[in-house]
Amino acid sequence: MSKKAKTWIITGVAAVAIIGGGGYYFANSYLGNNVEIEQVLPVNAAASGTATDSGTGTAVENKKVGADQLNGDWNISQGSKVYFSVTTSQETVNFVDEQVSGKWTINVNDPAKSQAEGTIEMSGIDSGNGQRDEHVKSADFFDMAKHPQATFKATSFEGMPPEWTEGQTADLKMKGTLTVKGIEKEVTFDAKAAYQNNEVLLSGTTMVTFEDFGMKNPHSVVLSTENDIQVRLELKLAK
């Protein structure tokens with residue numbers, strides 16, 4: 001093999017390595033996960049029985065919380081977040097929106113009278129990557145210019161106990177209508193709720209698809225995206 005041919009081969013291999021490495025770096029930067037999900041529920045919350053003191057590890061009997069404290073109107077307050085997550089062939093990517101507002105009416109004596117509604121501003125969507133966020137907000141996906149908000153309105157609650165224990169969680173199912181891009185979808189959130197420090201804390205998840213809201217899950221030569229989208233509520237409610 002001539003010296004010139006060897007030089008071309010070495011140059012070609014180097015170019016492939018550089019392009020390949022650069023392509024992976026670009027994909028990792030553009031599509032990698034930069035958002036960690038933060039839960040509002042206390043880490044040491046127990047589903048039943050007594051809670052555990054995080055400092056000593058000993059059981060602590062928390063006080064009962066009755067209807068007089070729980071019933072009434074509550075507002076979604078600062079620190080509330082809505083997440084949605086998509087799984088690619090590389091990893092799960094999380095998006096967060098902190099521009100959350102809404103109102104809840106809780107009635108533990110008659111859960112059928114409980115109501116909830118919430119709104120997120122689509123401009124608040126953040127994945128830690130500005131270029132990706134702008135694409136997600138574009139007409140290709142959420143079409144924020146035409147549909148600046150997404151909403152959820154609860155129609156029923158299942159499993160709401162008549163009495164809660166402070167710092168402990170209660171399992172709930174919250175059914176309702178999720179509206180994105182003007183398209184309504186009936187969903188059920190599997191949720192846990194707790195009362196602590198004069199706040200009601202709720203963490204709930206449901207699964208929808210790109211197709212539910214007239215979108216196509218993204219695919220490229222670099223990686224593919226599953227059709228499912230997990231929606232997660234991490235809400236703080238205050239009177």
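How much accessible surface does the protein have, and what share of it belongs to carbon and sulfur atoms? The accessible surface comes to about 13,000 Å², and 52% of it belongs to carbon and sulfur atoms. Accessible areas come from the Shrake-Rupley method with a 1.4 Å probe, and for residues only the protein chains shown count as cover.

Before going further, a word on the model. It is predicted, so local features need pLDDT of at least 70 and side-chain atom pairs count only at pLDDT 80 or more, while totals for chains, interfaces and linings use all residues. Residues are numbered from 1 along each chain as its sequence is written, and side-chain values use heavy atoms, with hydrogens and water left out.

**The overall picture**

The protein has three helices and 15 strands; these are DSSP runs numbered from the N terminus, with helices (H or I) of at least four residues and strands (E) of at least two. Of its 239 residues, 41% are buried, meaning under 20% relative accessible area, whereas exposed is over 50% and partly exposed lies in between (1.4 Å probe, protein chains only). Take the contacts (heavy atoms within 4.5 Å) between residues at least 6 apart in sequence: 64% of them join residues at least 24 apart.

**Aromatic pairs**

The whole structure holds five aromatic pairs. Rings of Phe, Tyr and Trp (its six-membered ring) pair if their centres lie within 6.5 Å; planes under 30 degrees apart are stacked, over 60 edge-to-face, and the rest tilted.

| Pair | Kind | Centre to centre | Between the planes |
|---|---|---|---|
| Phe84 and Phe95 | stacked | 4.6 Å | 5 degrees |
| Phe152 and Phe189 | edge-to-face | 5.1 Å | 80 degrees |

Phe84 sits in strand S5 (residues 81-88) and Phe95 in strand S6 (residues 92-97), so their pair ties together parts eleven residues apart in sequence. Phe84 is buried at 13% relative accessible area, and Phe95 is buried at 5%. Together with Phe142, Phe84 and Phe95 form one aromatic cluster.

The other pair links distant parts of the chain, with Phe152 in strand S10 (residues 149-158) and Phe189 in strand S13 (residues 183-196), 37 residues apart. Phe152 is buried at 11% relative accessibility, and Phe189 is buried at 1%.

**The nonpolar core**

A nonpolar core is a set of buried Ala, Val, Leu, Ile, Met, Phe, Trp, Tyr and Cys residues joined through side-chain atoms within 4.5 Å. The largest has 46 residues, and those with the most contacts inside it include Phe142 and Trp164. Leaving aside neighbours within four places in sequence, Trp164 touches residues including Lys63, Leu70, Val108, Tyr195 and Val200.
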